[in-house]
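Visitor: I would like to learn how to read an interface and its salt bridges. Can you walk me through an example?

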Amino acid sequence: MSGSDVALPKIQPLSEEPKSAGRSWRPSADFLFHKAAVFAAILVAGALFATVVAIAADSRTAIHAFGIWGFLKSSDWNPVTQTFGAFPFIISTLISSAIAMILGVPVSFGVAVFIAEIAPAWIKKPVANAIELLAAIPSIIYGLWGLVVFAPAFATIEPWINDHLGAIPGIGLLFQGPPMGIGMLTAGIVLAIMILPYMSSIMRDVFLVVPSSLRESAYAMGATTWEVAWNIILPYTRTAVVGGIFLGLGRALGETMAVTFVIGNSNTLSASLLMPGATIPSVLANEFTEATTKLYISSLIYLGLILIAVTLTVRFCAVLLIRRLGSKEGAAA
Amino acid sequence: MIVSVYVRRRCVDVASKILMGLATLVGVFFLFWILWTTLRFGIAGMHWDLFIKDTPPPGTDQFGLRNAFVGSLILLGVSLAIGVPVGLMGGTWLAEYGFKSRTANAVRFINDIMLSAPSIEIGLFVYAIMVAPMGHFSALSGSVALAVLMVPIIVRTTDEMLSLVGSDMREAAVALGAPAWVVITKVTWRAARAGIVTGILIGLARITGETAPLLFTALNNQFFSRDVFHAMANVPVVIYQFALSPYTNWQQMAWAAAFITIIFVLALSLIARWFLGRVQVPK
């Protein structure tokens with residue numbers, strides 16, 4: 001124990017020069033840098049919790065007014081009478097995302113296998129770059145293109161859908177409606193194009209993780225390319241592929257601008273996929289700036305809270321599943 | 001019997017290859033369709049007045065987007081000023097102080113979740129913490145929302161790129177007596193410079209066309225404004241409002257703005273790719 005070292009700083013403040021004493025207490029640059037880094041990391045991690053807490057806090061008014069179950073199952077959305085219910089928006093969000101997944105998942109898988117396994121070297125890079133450019137296009141441009149170009153083009157084939165798919169008993173009900181071009185199906189198709197690059201780039205990345213010894217042994221046994229992709233690569237990367245699909249689902253559920261342009265924005269639910277609807281993000285984008293009363297704004301934020309509860313769960317699973325493969329890779333190395 | 005199995009496997013293989021090639025073709029087809037549309041309508045909507053006049057009132061046949069362009073640049077500038085320090089320091093903490101500790105991995109996990117956050121949720125978040133308490137829309141809140149979207153990208157690339165820097169360089173600097181912060185700023189940051197810049201550029205490209213969060217924060221302003229504490233015009237919201245308007249000149253302006261946005265974003269992506277090519281991966 002060196003008592004003099006401890007005692008010295010205590011004496012200094014009593015001396016004639018308080019400035020020099022102050023200097024000895026100044027934290028070092030190293031300390032400040034470390035604390036700044038810690039602070040930034042806390043901000044990064046805290047943003048997620050802050051998002052949930054802030055949105056939950058702002059939806060209190062609506063939660064008090066309508067409760068949880070009452071809000072979820074009510075289809076009454078009427079700003080005039082100040083009654084709000086989330087049911088049609090929840091269903092539309094789920095249906096448009098489901099269409100996007102049904103169309104997008106097989107195509108993304110095909111693109112990923114094509115780039116990773118089938119394509120000759122000279123075509124690999126340009127195609128991979130082109131698919132990644134699709135992800136760089138801002139969603140508002142997807143919306144603009146969907147509304148002005150894709151919807152009118154789609155309207156010309158809708159009569160065909162009406163006549164053929166609409167005639168099938170049972171599911172025919174889904175494909176009957178006026179050929180307007182906009183509606184749930186259009187929104188689902190545009191969403192599928194949007195999430196395609198995200199899912200396929202994750203699948204392609206994880207396909208490359210598969211040890212080449214596995215792949216080569218299968219080829220040496222006489223397996224075809226398809227058999228290697230389906231029986232060797234897919235089982236090995238299954239968790240991460242599902243994670244990539246969940247990531248795409250998270251994007252589809254929360255996508256706002258592209259959907260708002262093409263879904264038609266109708267607050268009533270209809271059985272047909274060709275009819276307009278409104279998802280949670282689209283109703284938020286449409287009505288938020290028009291909302292005047294506190295209850296109206298709070299109900300919209302409450303919709304946002306429901307959305308965040310769903311997408312957060314989906315994204316949590318996605319990241320968890322994708323990371324699982326990462327640890328497997330680490331264990332193999 | 002054996003021949004038929006062989007033929008079946010062969011057919012499945014060829015069919016799957018064709019289907020996968022078609023899937024890729026579909027993706028590339030939509031890319032070119034969207035780019036071509038934007039190019040065609042965008043060039044048709046080009047006008048010199050777009051850059052020197054402000055957005056015209058409804059019902060006139062004038063052109064002008066100056067306030068929106070300036071507003072977007074201010075928004076992006078302020079979000080860079082907020083997002084880059086936070087993202088850079090956050091990534092630095094992960095790579096240099098946190099390493100593979102439990103806390104660091106938890107932060108990485110949360111950051112990965114934030115990476116895929118729907119932008120509308122971030123818009124609502126910033127509305128709740130800034131716009132509602134302040135009582136009015138403001139460009140500053142828009143920049144905060146965009147920064148929140150950009151930070152996870154910067155954190156992740158910074159973390160990854162700093163982890164690529166070999167420990168020999170750090171050890172050499174430490175052996176010379178450099179304190180940790182000097183080692184980080186003068187050695188590791190410099191070694192990972194190209195990668196960190198790539199992350200910032202990708203982040204910038206991601207937020208450039210973001211519209212949804214701005215609807216809840218910066219909103220729009222018909223007039224020229226440099227006041228970050230009030231609503232400010234910006235390109236994405238102008239595209240949204242003009243595209244859905246009944247006026248032909250407004251729709252043309254929306255396309256012109258979309259064209260310029262897409263050129264800006266693609267240029268950023270290309271520059272980012274070029275920087276990424278310069279990243280030296282240690283053997």
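**Reading the interface**

Guide: Start with the charged pairs. Between chain B and chain A, the rule finds 4 salt bridges across the interface. Bear in mind that this is a predicted model.

Visitor: How do I read one salt bridge between chains?

Guide: Take the distance, then the location, then the accessibility. Arg323(A) pairs with Asp112(B), and their closest N and O atoms are 3.4 Å apart. The pair crosses between chains, from helix α14 (residues 294-332) of chain A to helix α4 (residues 102-115) of chain B.

Visitor: Is Asp112(B) buried or exposed?

Guide: Asp112(B) counts as buried because its relative accessibility is 13%, and the cut-off for buried is under 20%. Arg323(A), at 29%, counts as partly exposed.

Visitor: And a salt bridge inside one chain?

Guide: Look at what it links. Arg66(B) and Asp54(B) form a salt bridge, with the closest N and O atoms 3.1 Å apart. Arg66(B) lies in helix α3 (residues 66-98) of chain B and Asp54(B) in the loop between α2 (49-52) and α3, so the pair ties together parts that are 12 residues apart in sequence. Both partners count as partly exposed, Arg66(B) at 30% and Asp54(B) at 25%.

Visitor: Which residues do shared partners join into one network?

Guide: Glu132(A), Arg204(A), Asp205(A) and Arg273(B). Within it, Glu132(A) bridges to Arg273(B) at 3.4 Å between the closest N and O atoms. Asp205(A) bridges to Arg204(A) at 3.5 Å, again between the closest N and O atoms. Arg204(A) is buried at 14% relative accessible area, while Asp205(A), at 42%, is partly exposed. Over all chains, a search of the whole structure finds 15 salt bridges.

Visitor: Where should I look for nonpolar surface?

Guide: Look for neighbouring nonpolar side chains on the surface. Here, Val14(B), Ile18(B), Leu19(B), Leu22(B) and Leu25(B) form such a patch, with about 490 Å² of accessible area together. Val14(B) sits in helix α1 (residues 2-44) of chain B and counts as partly exposed, at 40% relative accessibility.

Definitions and conventions:
Residues numbered from 1 in each chain as written. Chains lettered and ligands numbered in written order. Predicted model: local features only at pLDDT ≥ 70, side-chain atom pairs only at ≥ 80, totals over all residues. Heavy atoms only, no water. Patch = residues over 30% accessible without salt bridge, like charges linked within 9 Å, V, L, I, M, F, W, Y side chains within 5 Å. Areas by Shrake-Rupley, 256 points an atom, 1.4 Å probe, with all protein chains shown as cover. Helix = DSSP H or I, 4+ residues; strand = E, 2+ residues; numbered from the N terminus. Buried < 20%, exposed > 50% of the residue type's maximum accessible area, 1.4 Å probe, protein only.
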